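Thanks for making time this morning. Let me put the model on the screen, and then we'll start with the interface.

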Number of protein chains: 2
Amino acid sequence: MSLKNFETMVQSVKSSPKRRVALAVGKGYDEYDVFARVMKEGTADCVFVGDKAEIEKKAKEVSADISKCEIMHHAGPDSETTLEAAKLVNQGKCDVLMKGRVHTDDFLRSILNKEFGLRTGNLLSHAFIMYPKLMGRFFIATDCAMNVAPTLEQKVSIAKNAIALARGLGLEQPKVAVLAAVEVVNPKMPVTLEAQEMTQMCERGEFGNALVHGPFAFDNAVSEESARIKGIKDPVAGKADVLLMPDLEAGNIMFKTFAYWAEGQLSGLLLGAKKPVVLTSRSDSAETKYLSIVSAIYYDNYNRQNN
Amino acid sequence: MSLKNFETMVQSVKSSPKRRVALAVGKGYDEYDVFARVMKEGTADCVFVGDKAEIEKKAKEVSADISKCEIMHHAGPDSETTLEAAKLVNQGKCDVLMKGRVHTDDFLRSILNKEFGLRTGNLLSHAFIMYPKLMGRFFIATDCAMNVAPTLEQKVSIAKNAIALARGLGLEQPKVAVLAAVEVVNPKMPVTLEAQEMTQMCERGEFGNALVHGPFAFDNAVSEESARIKGIKDPVAGKADVLLMPDLEAGNIMFKTFAYWAEGQLSGLLLGAKKPVVLTSRSDSAETKYLSIVSAIYYDNYNRQNN
């Protein structure tokens, strides 16, 4: 990808006009260190939507200086907090929406709210931007966090969301590998048949200027050497930018194997809404949360300039 | 696990009586460098079953010194080559069976052959022994290479095969995490219901002196910190030795994410036969192939002493 790494992304965001992040806080949220860093480094401005007294207490407990963050007091249930936060982005008062410790269902419902949300009609899907140190370049893995058992139609939407993100990272013609356990079509493995169908859709122009090919096993999607050994001649083989996961189990286990066992960095975004949305998990590292905010702003900046 | 790492395993094998590996060669096999190393280091003796002239030619092409390896000339079809190799192990002339470039179906059929094979009545399943450098200990991941969409009954067999292997690595009470995308039972995710059933089977004593619990997401199976953050109180949480995969797609993508993006070592074994069987893929590294032979011998030595 033309964007080299996360350091380049961070620098780009810092040197662009400062954007505003709206956080739907929720009960028990205490990851304020990320926002203290965001404010201190000047990466973005932050607006916390939640119970003012609790926010200040919790931030103090974790010694996070959030004195320069704005707090929009709101002590209602999650369904209302999330809607207030979404509204800030909907009305252009903030640029990026982020989930705190509110219920995911409430959060998603607020995004999809017709009046105040960020609905586009597209499927919402999650994508990780990964930078494995051993590979020295970006990959997008999707969907590892949201859609449980996507149908073929949903996989097409997930691929399209990821292709748009890949363009945001500077790729003119993103290469999407439809992953399976093997690199050959096998009727006993329905995922390989879906991969074949998506390849045909790609040939018919369904994905615009992008290559969506499959099935690939992980190795011959990411490693040119492995593709060569297996004798696979395909422009996506060994050069995939986007790894389209068979289902949530495969995606979730894959991303966590990377996050826990490999050296590298990653960020996560929710795609398919009017604006990039940050939806991290409690067990994600502080760095992943920080880079997720940065990625959302970077992608939003790209969309402002190009759409 | 009481066995610390692959170096310890290699040392143990080198200091034990020398075992014999039977390789079903097949057309186009050229990974003789692994056997050259095995012979040079004195790890094992090797018997190649296949076309003598081709074996010698190929070994020369890749500059592998296999002069001390035994060649059992056999120029028939794969189905016969594999059966000849299996027979050597069946008759006690060799200790470990390994697949070369023969068709996997022929290879498996020979293992299951009633007269000359290594059939036990157990399900055959594949297990990887992984040593992620960042974790500094062994994990067993199964099934990442063989059973496509195992039923609950098959998962029980896969777990039992892995538990036996874990004992071979020195674990008295192996901890098996039944993996899903989440750590809670969710009727919309059948894998989590299976995990719950396996947990109940474990409570009824189905797995002997082993803990089989689930569902777990990958992070709270392997990381105590993640289990703590998510508030999971379970003796397997964060301490899993065996990672039981939801299906082949998840397992295959997981193992390759580890093999290609993380630092560490891994070996692969086929379990459920009378003797450990080595079944590697062409794109596996030479080190993985070497360590797979070592692991098979190590496990066989354990079984000789304990069964």
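So, the contact between the chains. 40 residues of chain B are in contact with 40 residues of chain A. Keep in mind that this is a predicted model. Chain B and chain A bury about 3,600 Å² between them, and carbon and sulfur atoms give 73% of that area.

One pairs Asp219(A) with Lys256(B), at 3.3 Å from N to O. Which elements of chain B touch chain A? E5, helix H8 (218-222), H9 and helix H10 (248-261) each supply at least two residues. H10(B) gives the largest share, eleven residues. By class, this side of chain B has 26 nonpolar, six polar and eight charged residues.

Next, salt bridges within the chains. Over all chains, the structure holds 44. Take Glu54(A) and Lys27(A), whose side chains meet at 3.5 Å, N to O. Glu54(A) sits in helix H3 (residues 52-61), and Lys27(A) in the loop between strand E1 (19-24) and helix H2 (32-41), so the bridge ties together parts that are 27 residues apart in sequence. Lys27(A) is exposed, at 62% relative accessibility.

A second one joins Glu183(A) and Lys230(A), at 3.7 Å, N to O. This pair links two loops: Glu183(A) lies between strand E7 (175-179) and helix H7 (190-203), Lys230(A) between helix H9 (224-229) and strand E9 (242-244), 47 residues apart.

In chain B, Arg137(B) bridges to Asp241(B), with the closest N and O atoms 3.6 Å apart. Those two are 104 residues apart, again in loops. Asp241(B) is buried, at 4% relative accessibility. Back in chain A, Asp30(A), Glu31(A), Arg101(A) and Lys289(A) are linked in a salt-bridge network.

Last, one helix. H6 of chain B, residues 152-168, has 17 residues and reaches 24 Å from first C-alpha to last, close to the 24 Å expected. Its buried residues include Leu152(B), Val156(B), Ala159(B) and Ile163(B). Just after H6(B), Gly170(B) takes a positive phi of about 100 degrees.

Methods:
Residues numbered from 1 in each chain as written. Chains lettered and ligands numbered in written order. Predicted model: local features only at pLDDT ≥ 70, side-chain atom pairs only at ≥ 80, totals over all residues. Heavy atoms only, no water. Salt bridge = Lys/Arg side-chain N within 4 Å of Asp/Glu carboxyl O. Helix = DSSP H or I, 4+ residues; strand = E, 2+ residues; numbered from the N terminus. Buried < 20%, exposed > 50% of the residue type's maximum accessible area, 1.4 Å probe, protein only. Expected span 1.5 Å × (residues − 1). Contact = heavy atoms within 4.5 Å. Buried area = accessible area lost by both parts, 1.4 Å probe. Nonpolar A, V, L, I, M, F, W, Y, C, P; charged D, E, K, R; others polar.
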